[in-house]
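Hi everyone, thanks for coming. Let me put the sequence and the model up on the screen, and then we can walk through the sheets and the pockets together.

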Amino acid sequence: MARSDGQVCIVLAAGFSNVERELEQASHGPLRELAGLPKALLPVAGKPILDHWWTYLSQHRAVSEIFIVCNAIRYKQFERWATAKGIDVSRVVNTGATAPRSGRGVLRDVELGIRRAQQTLEGINRRDVIVFAGDTLFFKDFDLGRILDFRASKGGSLLLYYQRREVDNPSQRGMCEVDGKTTKVVSFAEKPEPRQRGHDFSFVSPLFYILEPHRRSAALLPAALAICSVLAALCQMSSLAFVPAAQLARSPSVALRAEGGGLKEKEEVNYDLPSPDTSILGKRSTVGQTIDQDKRGNMWAVISPTRRQQEQGQWDTPIFFALLFVGTWALIAFFAVWTGNDPRFGGGIGDGAGDFGI
């Protein structure tokens, strides 16, 4: 079982069972021979419970990896079992718990198993994770393939549940409430005591989950679109901001000439002059120019003054800096989410790995 694709199984066997304590207290009889065995390794139909799961999973192509989470007291026994099945000992995860009061709880055990899978397999971001209790067996008609097909058609994560029966004790079961229209689980309680929330729920949930991997692209795509919108707005605003005011050119209606060492204003003459001869000039040189002359026939080009096509508003500069500020923080948030959820950059943001000493 060493394929690079397929689901990853997390087997939970870190609890301290009352059955184990009762076997240790047995003083004689065949039960005495079972004292010291973890519940997941107790024999059922001639072989340990975990062997039944191993045989089933080994024959199922949808499952490629298996990890076992156990407590410190039973760690060596699960390690020997894994070695006998050809499973690398790195797949056996020790929670460090030595008594029920030091147990981390189911959620922390699942998280610890997923962390080990990420480290061992170098990322499982695109693979489903199957979580089940190692000391539980289902009926013979249990069909994992049909369950996986159902989950694929519905999407999201999956939790198995069944209608509560009279023999089911909520204090020893996981209880859940289901939306009758969507069949989605809307509330869950783990072994609720009487008068606690969940004790009267209508459905019982065995410990069997299929967890869908976190899809970062769905979160990053809106952020990328928002950043592109901000950048487009900045480009549009950059053509309006910081344009200097145009200076009015000197009016060409008055001609000046040098006379007597100084500048003197030319007097107006009330007779028409002949049109100047511009044949010696190239046609291209006269494009966009007009010709003026004084009474002596001196000619010069008249250049129109610079005129602004659009005036700058008083709010253009503040808007530019506001969009620049928003765009900068949007880029920081985008790359923070990207690098914070990519295992190549150190794993998820606030993954709590320090709690496990990793």
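Let's begin with a definition: two strands pair if DSSP finds at least two bridges between them. Helices (H or I, at least four residues) and strands (E, at least two) are DSSP runs, numbered from the N terminus. What you see is a predicted model, in which local features need pLDDT of at least 70 and side-chain atom pairs count only at pLDDT 80 or more, while totals for chains, interfaces and linings use all residues. Residues are numbered from 1 along each chain as its sequence is written, and side-chain values use heavy atoms, with hydrogens and water left out.

Let's take the four-stranded sheet. The 4 strands make an open, antiparallel sheet in the order E8-E11-E9-E10. Strand E8 (162-163) and E10 are the edges; each has a single partner strand, so one side of each is left without a neighbour in the sheet. E8 and E11 are antiparallel and joined by 2 bridges. If you click on Tyr162, you will find its bridge partner in E11, Val204.

Now the other sheet. Here 6 strands form an open sheet with mixed pairing, ordered E5-E4-E1-E6-E12-E7. Its edge strands, strand E5 (92-94) and E7, each pair on one side only. At one end, strand E4 (residues 63-70) runs parallel to E5 over 3 bridges, and Cys70 sits opposite Asn94 in E5. E6 and E12 are antiparallel over 4 bridges, with Val131 partnered by Tyr209 in E12. E7 and E12 also run antiparallel, joined by 2 bridges, and Leu158 stands opposite Ile210 in E12.

Which helices go with this sheet? Helix H3 (residues 75-84) packs on it, touching E1, E4 and E5 (contact means heavy atoms within 4.5 Å). H5 lies across E1, E4, strand E6 (129-133), E7 and E12. For directions, axes are lines fitted to C-alpha atoms, for helices over the stretch in contact, and angles run from 0 to 180 degrees between N-to-C directions. On that scale H3 makes about 170° with E5, and H5 runs at about 45° to E12.

On to the pockets. On a 1 Å grid over the protein atoms alone, a pocket is an open set of points where a 1.4 Å probe fits, with protein on both sides within 12 Å along at least five of seven lines; lining residues have an atom within 4 Å of a point. The largest pocket has a volume of about 1600 Å³, where volume is the space filled by probe spheres set on the points, which are joined across faces, edges and corners. It is lined by 49 residues, with Ala133, Asp135, Thr136, Gln172 and Lys191 nearest its centre. H1 gives the most to this lining, 4 residues.

The second largest pocket holds about 790 Å³. Of its 22 lining residues, Ser157, Leu158, Leu159, Tyr161 and Val185 are the closest to its centre. H5, the helix lying across E12, provides the largest share of this lining, 5 residues.

Finally, how many salt bridges are there in the whole structure? The search finds 10, a salt bridge being a side-chain nitrogen of Lys or Arg within 4 Å of a carboxyl oxygen of Asp or Glu. One of them links Arg108 and Glu111, with the closest N and O atoms 4.0 Å apart. Both residues lie in helix H4, 3 residues apart, about one turn of the helix.
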